[in-house]
Amino acid sequence: MMLTNKKRLTLSLAILILSIAADQIIKFAVKLSMFKHESIRVFDWFYIYFTENRGMAFGMELFDKLFLTSFRLVAVGFIAYYLSKIISNAKFPTGYIVCIALVLSGAIGNLIDSIFYGEIFTDSDGRVAELVKWGSGYGEFLHGHVVDMFYFPLFGFDWPQWMPIVGGEHFIFFSPIFNFADA
């Protein structure tokens, strides 16, 4: 069944609104109830582990924070423009439009953290953050940290000592920590 352009637009907007809302609700709950690096075991293979990402994916800090936030802003604009174009193009299936809407909602969710969180939250190092009046937070406008909390260490083992480079080191399968927007 082919959806009309209006229904595809409505679906995209619903995905954006619901995904961004869920992402921000989870991030606020974690930020206002846990201190950084606090962990809650849900299962042996799933933890809520609060950390803040000051850089890009996997915590890489290759560029200045202002550059990174500006890049995120441009990327969100590009993805939003692309989504608006494919919604009205019948050759793109609805499933693809849903995927792009989810990518856009994830980018917007992390952009919100980068733009605003430094202004409205106190630091989470060794204490639970507090929501404060605008400008009283831990950082400047466009310099916030992205909140991450989902950790799935599915299994781990120690590499044999005889292995070059990694010998004797502990390996955890699926060690990235991410948030709802990333998922």
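How much accessible surface does the protein chain have, and what share of that surface belongs to carbon and sulfur atoms? In this predicted model, the accessible surface of the protein chain comes to about 10,700 Å², and 70% of it belongs to carbon and sulfur atoms; accessible areas come from the Shrake-Rupley method with a 1.4 Å probe, and for residues only the protein chains shown count as cover. Because the model is predicted, local features need pLDDT of at least 70 and side-chain atom pairs count only at pLDDT 80 or more, whereas totals for chains, interfaces and linings use all residues. Residues are numbered from 1 along each chain as its sequence is written, and side-chain values use heavy atoms, with hydrogens and water left out.

The protein chain contains three helices and six strands, which follow one another from the N terminus in the order α-β-β-α-α-β-β-β-β; helices (H or I, at least four residues) and strands (E, at least two) are DSSP runs, numbered from the N terminus. Taken along the principal axes, the C-alpha atoms fill a box of roughly 60 × 45 × 35 Å. Of the 183 residues, 35% count as buried, where buried means under 20% relative accessible area, exposed over 50%, and partly exposed in between (1.4 Å probe, protein chains only). Among contacts (heavy atoms within 4.5 Å) with a separation of 6 or more, 61% are accounted for by residues 24 or more positions apart.

Helix α1 (residues 5-31) has 27 residues and reaches 38 Å from its first C-alpha to its last, close to the 39 Å expected at 1.5 Å a residue, the expected span being 1.5 Å times one less than the number of residues. The buried residues of α1 are Arg8, Ser12, Ile15, Leu16, Ser19, Ile20, Asp23, Gln24, Lys27, Val30 and Lys31, and their cover includes β2 (46-53), α2 (65-87), α3 (94-120) and β3 (146-151). In an α-helix there are 3.6 residues a turn, so residues three or four places apart point the same way. Serine 19 counts as buried because its relative accessibility is 14%; residues up to four places away in sequence aside, serine 19 touches Leu102, Ser105 and Phe180.

Four strands form an open sheet in the order β1-β2-β3-β6, with antiparallel pairing, two strands being paired if DSSP finds at least two bridges between them. The edges are taken by β1 (39-43) and β6 (177-178), each of which has a single partner strand, so one side of each is left without a neighbour in the sheet. Strands β2 and β3 pair in the antiparallel sense over five bridges, and glutamate 52 has valine 147, in β3, as its bridge partner.

The structure holds six salt bridges, a salt bridge being a side-chain nitrogen of Lys or Arg within 4 Å of a carboxyl oxygen of Asp or Glu. In one of them, lysine 27 meets aspartate 113 at 2.9 Å, N to O, which links helix α1 to helix α3 across 86 residues; lysine 27 and aspartate 113 are both buried. Lysine 31 forms a salt bridge with glutamate 52, with the closest N and O atoms 2.3 Å apart, and this pair joins helix α1 to strand β2 across 21 residues. Lysine 31 counts as buried because its relative accessibility is 0%, and glutamate 52 likewise counts as buried, at 8%. Lysine 36 forms a salt bridge with aspartate 125, the closest N and O atoms being 2.8 Å apart; here the loop between α1 and β1 is linked to the loop between α3 and β3, across 89 residues. At 8% relative accessibility lysine 36 counts as buried, whereas aspartate 125, at 41%, counts as partly exposed. Lys31, Lys36, Glu52 and Asp125 are linked in a network of salt bridges.

The elements giving two or more residues to the nonpolar patch are β1 and β4 (155-158), and β1 gives the most, with three residues. Phenylalanine 174 is placed in the loop between β5 (170-173) and β6, and at 37% relative accessibility phenylalanine 174 counts as partly exposed.
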